[in-house]
Amino acid sequence: MKSILDDEELNIPCPRCSKETKKKIGWLKRNREMTCSACGETFGLDTKELRREIARVDRAIRDLENTLKRL
Ligand SMILES: [Zn+2]
């Protein structure tokens, strides 16, 4: 599902060299692993928590929109 947050960027730290790489939330939802641009390390992304948070924020935004429509 398309989210209003998909274009937001997060800094993902590399577990090997700690260099942070910017990734869009939309990209993170579609991918299970990423490669560090600094050291070439490929590591898995645990996006379960991220997805849950995104779903929560999306719901809150929809609720807010519905509330605003009723004003
Ligand atoms: Zn790295």
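K19 touches C14, C36 and A38, leaving aside residues up to four places away in sequence; two residues are in contact if their C-beta atoms, placed from the backbone, lie within 7 Å. This is a predicted model, in which local features need pLDDT of at least 70, side-chain atom pairs count only at pLDDT 80 or more, and totals for chains, interfaces and linings use all residues. Residues are numbered from 1 along each chain as its sequence is written. The chain has two helices and four strands, where helices (H or I, at least four residues) and strands (E, at least two) are DSSP runs numbered from the N terminus.

**Overall form**

- From the N terminus on, the order of the elements is β-β-α-β-β-α.
- The chain is more spread out than a compact globule, because its radius of gyration is 15 Å, well over the 11 Å that the globule rule gives for 71 residues. That radius is taken over C-alpha atoms, and the rule is 2.2 Å times the number of residues to the power 0.38.
- The C-alpha trace spans about 55 × 15 × 15 Å along its principal axes.
- Of the 71 residues in the chain, 3% are buried. A residue is buried if 20 or more other C-beta atoms lie within 10 Å of its own, exposed if 12 or fewer, and partly exposed in between, with C-beta atoms placed from the backbone.
- Among contacts with a separation of 6 or more, 21% are between residues 24 or more positions apart.

- Strands β1 (residues 9-13) and β2 (residues 20-24) run antiparallel and are joined by five bridges; two strands pair if DSSP finds at least two bridges between them.
- P13 stands opposite E20 in β2.
- The hairpin has six residues between the strands, and both S18 and K19 lie in this loop.

- S18 has a phi near 70°, which is positive although the residue is not glycine. Most residues other than glycine have a negative phi.
- S18 counts as exposed because 10 other C-beta atoms lie within 10 Å.
- K19 has 14 other C-beta atoms within 10 Å, so it is partly exposed.
- K19 and R32 are 13 residues apart along the chain, and 19 Å separates their C-alpha atoms.

**Helices**

- R30 belongs to helix α1 (residues 25-30). R30 is exposed, since it has 9 C-beta neighbours inside 10 Å.
- Helix α2 (residues 48-70) has 23 residues and reaches 34 Å from its first C-alpha to its last, close to the 33 Å expected at 1.5 Å a residue. The expected span is 1.5 Å times one less than the number of residues in the helix.
- One of the 23 residues of α2 is buried, so the helix lies largely in the open.
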